[in-house]
Amino acid sequence: MPALSLVALVSLVSTVFAKQLDAHPPQQQHKHWAQICSGNAINKIRGCDRYGCGHFGADRHSGKGKHGGVDVICADGATVYAPFSGQLSGPIRFFHNGNAIDDGVQIRGSGYCVKLVCIHPIRYHGHIYRGQTLGRMLPMQKVFPGIISHIHVENCDHSDPTDLLTPVVPPLPPFPPQPQQEQWATLCSGNPTNEIRGCDRYGCGYYGAPRRNGKGKHVGVDVICADGATVYAPFTGQLSGPIKFFHNGNVIDDGVQITGAGFCVKLVCIHPIRYSGTIFKGQVIGRMLPMQRVFPGITSHIHVENCDRSDPTRNLERGKGQKV
C-alpha cells in the first residue's frame, strides 16, 4: 500500500474513533450506577408500606396504572449523589402541587437519561460527575407520615432502571484484614461522618464526659443514630454477644462485640442480625433500637466502647470528640 494511502487510512480510522468516543464517552463503561443516597450503599429499593411498593411496575393506589420507576431508600435530609456523569436539567415537578417534596432534576449523559424526584438539587443546570454531591433528600415524612422515605428514580424512556441500580458486589476481603485500616467505616445510616452526640438533658456523648450524680466518666462515645436506622460494622472481625449494657431487659438493652483488625469494640443499643460469626467492614450488622422509648428527647445514639476502655474517637471518621 502506498505511504500516502496508509496515512489517509490511519487518519480516517482516527476520525471515526474520535466520533465514536464523543458519542459513547468513557463513563459508559460503568454498567452500574453509583450510590445514590448516603446510608444506602447498595441502592436498596423500598419494599412495601401502607402507601404502596417501590419496585418497577408495582400497582398504584386505586388501580391507577403501574409504577414507572423505582424508589431508592433514602432518609429525609440525606445527601444525594449523581449516579453517572452528565448534564443537569430541571426542576422536575412530579406532583405538580408545590408540596415539600415536589422537586427534582434530570441527568442526561453516559448513554443514560434519568429523573431523580423528591430531592432538592444543588443546581438545576450544568455538568455533574458520577458520585458528586447532587443535592439532598426532601422531608418525605411531612407529606407521607410513616412511608419508607425514598428517591423516585425514573428512566426518561420509562424503562426499568433496576439492573443499573444494583452494584457489582466486590469479593469479600480475606480474614484477617489488613491491619493498616485505621479509620472505621460509617456506623449508622444517615450519619456518614460518625458524628458524636453533643449534650442534652441526659448528659454528653464525648469520651470522658461526667456521668450523672458524679458516677464516674463516660468510657465510650455516643455516635448519633436515629431509632430504627441501619447499623454497619466499623471494621472486619468476629462477633460475640449479646452485650447487655443496662442489665434490665429494657427495649435498648442489646448489643454486640467485634474483635479483629487490631481492634475490639462493643456496640450497644443496637440489635445485631446475629451474635456470632465473621462480619466485614461496612456490612450491615443490625439496626438501632428505639432509644426514644426509654429516654424521650435524648439524641438517639449507638454507645461505642473499646474493650480496653480507651478512647475510640480517633478511629471514627471525622468524629467530633471535643466538648460542646
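Contact here means heavy atoms within 4.5 Å. The close-ups below come from a predicted model, in which local features need pLDDT of at least 70 and side-chain atom pairs count only at pLDDT 80 or more, while totals for chains, interfaces and linings use all residues. Residues are numbered from 1 along each chain as its sequence is written, and side-chain values use heavy atoms, with hydrogens and water left out.

View 1. Leaving out residues up to four places away in sequence, Ile302 touches Leu187, Cys188, Val221, Asp222, Val223, Cys225, Val231, Leu267, Val268, Ile270 and Met288. A nonpolar core is a set of buried Ala, Val, Leu, Ile, Met, Phe, Trp, Tyr and Cys residues joined through side-chain atoms within 4.5 Å; buried means under 20% relative accessible area, exposed over 50% and partly exposed in between, with a 1.4 Å probe and protein chains only. The largest such core has 33 residues, and Ile258, Leu267, Ile285, Ile302 and Val304 touch the most other members. At least two residues each are supplied by strands S14 (221–224), S17 (255–260), S18 (263–268), S21 (284–288) and S22 (301–306). Strands (E, at least two residues) and helices (H or I, at least four) are DSSP runs, numbered from the N terminus. S18 gives the most to this core, with four residues. Apart from this core lies another, of 31 residues, among them Phe84, Ile101, Val105 and Met140.

**View 2. Strand S10 and its two antiparallel pairings.** Strands pair if DSSP finds at least two bridges between them. S10 (residues 133–137) pairs with S4 (residues 79–81) in the antiparallel sense over three bridges, and Thr133 of S10 is the bridge partner of Tyr81. Three bridges also join S10 to S8 (residues 119–121), again antiparallel, with Arg136 of S10 as the bridge partner of His120.

View 3. Rings of Phe, Tyr and Trp (its six-membered ring) pair if their centres lie within 6.5 Å; planes under 30 degrees apart count as stacked, over 60 as edge-to-face and the rest as tilted. The whole structure has 12 aromatic pairs. In one of them, the ring centres of Trp33 and Tyr112 are 5.6 Å apart and the planes lie at 80°, so the pair is edge-to-face. Trp33 sits in the loop between helix H1 (3–23) and strand S1 (48–49), and Tyr112 in strand S7 (residues 112–117), 79 residues apart. Both Trp33 and Tyr112 are buried. Trp184 and Phe235 form a tilted pair, 5.5 Å centre to centre with 50° between the planes. Trp184 lies in the loop between helix H3 (162–165) and strand S12 (199–200), and Phe235 in the loop between strand S15 (230–232) and strand S16 (237–240), 51 residues apart. Trp184 and Phe235 are both buried.

View 4. Asn194, in the loop between H3 and S12, is buried at a relative accessible area of 0%. Its side chain reaches the backbone oxygen of Ala185 at 3.2 Å. Asp253, in the loop between S16 and S17, is buried at 5%. The side chain of Asp253 reaches the backbone nitrogen of Phe246 at 2.8 Å, and one of its polar atoms lies 3.1 Å from the backbone nitrogen of Gly249.

Definitions and conventions:
A polar contact is a pair of N or O atoms within 3.5 Å; within protein, one must be able to donate a hydrogen and the other to accept it, and residues adjacent in sequence count only if both atoms are side-chain atoms.
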